[in-house]
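Student: I have not looked at this structure before. Please show me how to read some of its features.

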Amino acid sequence: MTLPLALSGLSDIAADYDVLLCDVWGVIHNGRESWPEACAALTRFNRDHGKVVLISNSPRPAPGMIQQMDQLGVPRDAWGAVVTSGDATRVELGKRAPGPAWIIGPDRDWPLYDGLGLEVAGTAADAAFIAVTGMIDDETETPTDYRERLSAGVARDLEMICANPDRVVQRGDRLIWCGGALADLYESLGGRVTMAGKPFDPIYELALAEGERLLGRPVDRSRVLCIGDGVITDVLGADKQALDCLFIAQGIHGDTARGPDGRLDPARAADLLKAEATHARYAALDLAW
């Protein structure tokens, strides 16, 4: 397997790209605080080299994502557009209105359903499909807590629409279960799942359209770089789109790709990628200029 090229920073390759499709959680913040070096790198690229489209598996539509980033101190000049899995998933949900939908997820994710005309079912018995954004209480619950409830959906052959394909996400110094873990469980029980976020096509179609809008011209896909820390979301998604990728090997993977000298070990990064049959052209521990 070809090893990813270790970068000292984004500046090594900035001149080679017109558009960055950059992940958010795990790359520019951890849900508790933003990372100044990552934000500065995106700001510099967005100002001097090309356009930055933030592409997130957040189940909330872009306005809620922007509000969260403002609260965490992510500067608005670090990006030109924001596209979320929630944005892409709203298209899928709208196709299935009025449902009714059996909705699973925390109250903060309810803006996902605004204006779609969906009716809400209280249980699987009353539903036409299941809509999932994540655990109702992601501080304490795990996917196992949902086995019995999801089994009822499988028994009725209900399709699950999952608005967040991420399995886990970093929150501060902890890893929190996400909607993708519930989708995995549902599939393992024999259920059908549809997702529109990374690594699936719909979110990339939206993000590349935003890139074209910002550039004011068609996007040359050979000059698009994906950046992210999720192997089965960010890296796999870039691979499926035939786009170059910068793998941020720390993020949710901790120090797994760090060598004895404290720097990135490309072979260890490649092992993380190989485990999911993916490849990234570049790798770094963190995003920096």
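The dialogue below takes a sheet, a hairpin, a helix and some aromatic rings in turn.

Tutor: This is a predicted model, so local features need pLDDT of at least 70 and side-chain atom pairs count only at pLDDT 80 or more, while totals for chains, interfaces and linings use all residues. Residues are numbered from 1 along each chain as its sequence is written, and side-chain values use heavy atoms, with hydrogens and water left out.

Student: In what order do the strands of the open sheet lie?

Tutor: Helices (H or I, at least four residues) and strands (E, at least two) are DSSP runs, numbered from the N terminus. Two strands pair if DSSP finds at least two bridges between them. Here 5 strands make an open sheet with parallel pairing, in the order β6-β5-β7-β8-β11. β6 (120-121) and β11 (192-195) are at the edges with a single partner strand each, so one side of each has no neighbour in the sheet.

Student: Which helix packs on the sheet?

Tutor: Helix α3 (residues 85-95) does, touching β7, β8 and β11; contact means heavy atoms within 4.5 Å. Its direction makes about 150 degrees with that of β8. Such axes are lines fitted to C-alpha atoms, for helices over the stretch in contact, and angles run from 0 to 180 degrees between N-to-C directions.

Student: How many residues lie between β9 and β10 in their hairpin?

Tutor: There are 2 residues between them, and G172 in the turn has a positive phi of about 65 degrees. Strands β9 (residues 168-171) and β10 (residues 174-177) run antiparallel, joined by 4 bridges. R171 has R174 as its bridge partner in β10.

Student: Which residues of α1 are buried?

Tutor: Buried means under 20% relative accessible area, exposed over 50%, and partly exposed in between (1.4 Å probe, protein chains only). In α1 the buried residues are A38, C39, A41, L42, T43, F45 and N46. Their cover includes β2 (19-22) and β3 (51-56).

Student: How is a pair of aromatic rings described?

Tutor: By the distance of the centres and the angle of the planes. Rings of Phe, Tyr and Trp (its six-membered ring) pair if their centres lie within 6.5 Å; planes under 30 degrees apart count as stacked, over 60 as edge-to-face and the rest as tilted. The count by this rule is 1 aromatic pair. W110 and Y113 form it edge-to-face, 5.5 Å centre to centre with 65 degrees between the planes.

Student: Are W110 and Y113 buried or partly exposed?

Tutor: W110 counts as partly exposed at 34% relative accessibility, whereas Y113 counts as buried at 9%.
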